[in-house]
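Student: I've got a two-chain complex open and I'd like to learn how to read it feature by feature. Can we go through it together?

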Amino acid sequence: MPDAADQHGLFYEGGERIDGIKGYLLSIFAAAIICAIVTRLMGDKGTHGTMAKLIAGLFLTFTVIRPVADVKIDLSGLTPDFSIAADQAAAAGESMTREAMAKVIKSKTEAYILDKAVALNAELKVEVTLSKDDIPIPSAVRLSGKISPYAKAQLQAIITQDLGIEKERQLWT
Amino acid sequence: MKKLILIILLFCYMAMPVQAADLTAPTAPDQAQDLMPPDTESFGEGLLYVFKSAVEKLEPEIAAGCGVCLAVIAVVILTSLVGSFPGTTKNVTELAGTIAVACLLLGSANTLVKDAAATVTELSEYGKMLLPVMTTAMAAQGGISGSAAIYTGTAVFDAVLCGVISRLLVPMTYIFLAMGIASAAIGEDILKKLRDFMKWLISWSLKIVLYVFTGYITVTGVVSGTADQAALKATKLTISGAVPVVGSILSDASEAILVGAGVVKSAVGVYGLLAIAAIAIGPFLRIGVQYLLLKLTAAICGVFGSKKTTELISDFSGAMGLLLAMTGTVCLMLLISMVCFMKGVSG
């Protein structure tokens, strides 16, 4: 997962764009101040005043329009970093759920087998292996301990029937 | 009731140690930490605590703000008095008054602009630490595509907004103030129009970003929420189709994990919401108080002061309004995002 600083990429890379807009606004501000001072000094009335207003207007229009011609829009690389980070975080949550679920399923399945073994007077150690599917299900079991042949046959049948683990995948030691 | 919640939380903690250990909200920054409630279980009580703590710390700010506003009122009264004497040039006294008012207000305005910019950055930084945690928590509850979509959307909009505010809108606020001062000093109509344009541009930039973000979150919430619901239903079908005993074990485990993930996500979300509120509330109140005081000052000065000076004070209160909008937009965007995460996969 990228750290907070890495996720700031967008305007670090695009900083020049923002600086350009800032400069553009500042130039309009400066032009407006110059125009305001010039028109104020020349006065509102008379030929000089009209000419000054016209020139100031043209100057301001030029200041506003000229940088627009140089604008280049480049939106490449706007989101990929974020979507990768988002997918990574979501995948972490998914695997977290899977791991937690696997733990619960494993312990509950082992407890179920041990419960049945106790009912058949057997003292066993059980270790269940789960499948690697999206939903982990019991796929194999390793059993060790003291058990009579009759109880073993009974327990094998129970494990196959109730838990869906075939006899071939039940390892008795 | 509290005991019952504790028992449920304990059960969930025991049921899935991985989630409880890994999913914790990032600690709020130092200044916000002072406002955080000791117990973050209840959002309502926590929010009230944050608000009370922030208001308690506001007293010196109110006193300072009142001092500046009283000084401004004194200057306006003085210039009006001097201007009323026969033989004095009206333009000169007005210009002197404008410069004096601008000098008085620029200091506090500068501090608050910097405060707002720092708050926006701090909110954004905290959001960037909180987003992955919330995404993981929501994905753990089954909202895999939904959480990724909210994360991507919030991160992109947050980066855009934070970049635009700190590098464009904050300097534009200074330009807005400069335009206001120049307009009051020179009295040209063009400066007034450009000043109004700046204000319009700043407020509409913020509004548009917030509208687009809300639209994005609404649409992706529906689209990815449907996909997540379908995936959850498919999982339930797979579980119910398994061998009876295995099916029951899977169903129990899945239920416990989803409920546990929901509790953890809710706890992280409530802490995150309170931390966001704690970061934003201090500067928001400080700027808000200054905004109200300046509005009041402009109203009082409108009675005896010149039109230009009163407009200048209104411009400063307008700048405070813009700062409120900036911090408010970033805060609201993060809050909307957190609520969407907390809502999770519905249905």
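Predicted model: local features only at pLDDT ≥ 70, side-chain atom pairs only at ≥ 80, totals over all residues.

Student: On to the fold. How many helices and strands are there in chain B?

Tutor: Ten helices and zero strands, so the pattern along the sequence is simply α-α-α-α-α-α-α-α-α-α.

Student: Is chain B compact or spread out?

Tutor: Hold the radius of gyration up against what the globule rule gives for that chain length. Chain B has 26 Å, well over the 20 Å from the rule for 347 residues, so it is more spread out than a compact globule. Its C-alpha atoms fill a box of roughly 105 × 40 × 25 Å along the principal axes.

Student: What share of its residues is buried?

Tutor: Buried residues make up 48% of the 347. As for contacts between residues at least 6 apart in sequence, 83% of them join residues at least 24 apart.

Student: Now the packing. At what angle do the axes of H6(B) and H10(B) cross?

Tutor: Angles here go by N-to-C direction, and anything under 35 degrees counts as roughly parallel. Helix H6 (residues 90-140) of chain B and H10(B) cross at roughly 5 degrees, with axes that come within 10 Å. That makes the pair roughly parallel. Their contact has 23 nonpolar, seven polar and two charged residues.

Student: Are H6(B) and H7(B) parallel or antiparallel?

Tutor: H6(B) packs with helix H7 (residues 144-186) of chain B at about 175 degrees, the axes being 10 Å apart. The two are therefore roughly antiparallel. By class, this contact divides into 21 nonpolar, ten polar and one charged.

Student: I clicked on B:Gly321. Where is it found?

Tutor: In helix H10 (residues 307-343) of chain B. To judge burial, count the C-beta atoms around the residue: 20 or more others within 10 Å means buried, 12 or fewer means exposed. B:Gly321 has 18, so it is partly exposed. B:Gly321 is 137 residues from B:Ala184 in sequence, and their C-alpha atoms are 19 Å apart in space.

Student: What does chain A have in the way of helices and strands?

Tutor: Five helices and three strands, running α-α-α-α-β-β-α-β from the N terminus. Buried residues make up 21% of its 173 residues. Of its contacts with a separation of 6 or more, 53% are between residues 24 or more positions apart.

Student: Last one: how many residues does each chain give to the contact between them?

Tutor: Chain A gives 48 and chain B 54. On chain A's side, the elements giving two or more residues are helix H1 (9-13), helix H2 (15-42), helix H4 (80-119) and helix H5 (149-163). H4(A) gives the most, with 20 residues. That side of chain A divides into 30 nonpolar, ten polar and eight charged residues.

Notes: Residues numbered from 1 in each chain as written. Chains lettered and ligands numbered in written order. Contact = placed C-beta atoms within 7 Å. Helix = DSSP H or I, 4+ residues; strand = E, 2+ residues; numbered from the N terminus. Nonpolar A, V, L, I, M, F, W, Y, C, P; charged D, E, K, R; others polar. Rg over C-alpha atoms; globule rule 2.2 N^0.38 Å. Axes fitted to C-alpha atoms, helices over the stretch in contact; angles between N-to-C directions. Parallel < 35°, antiparallel > 145°, perpendicular 65-115°, else oblique.
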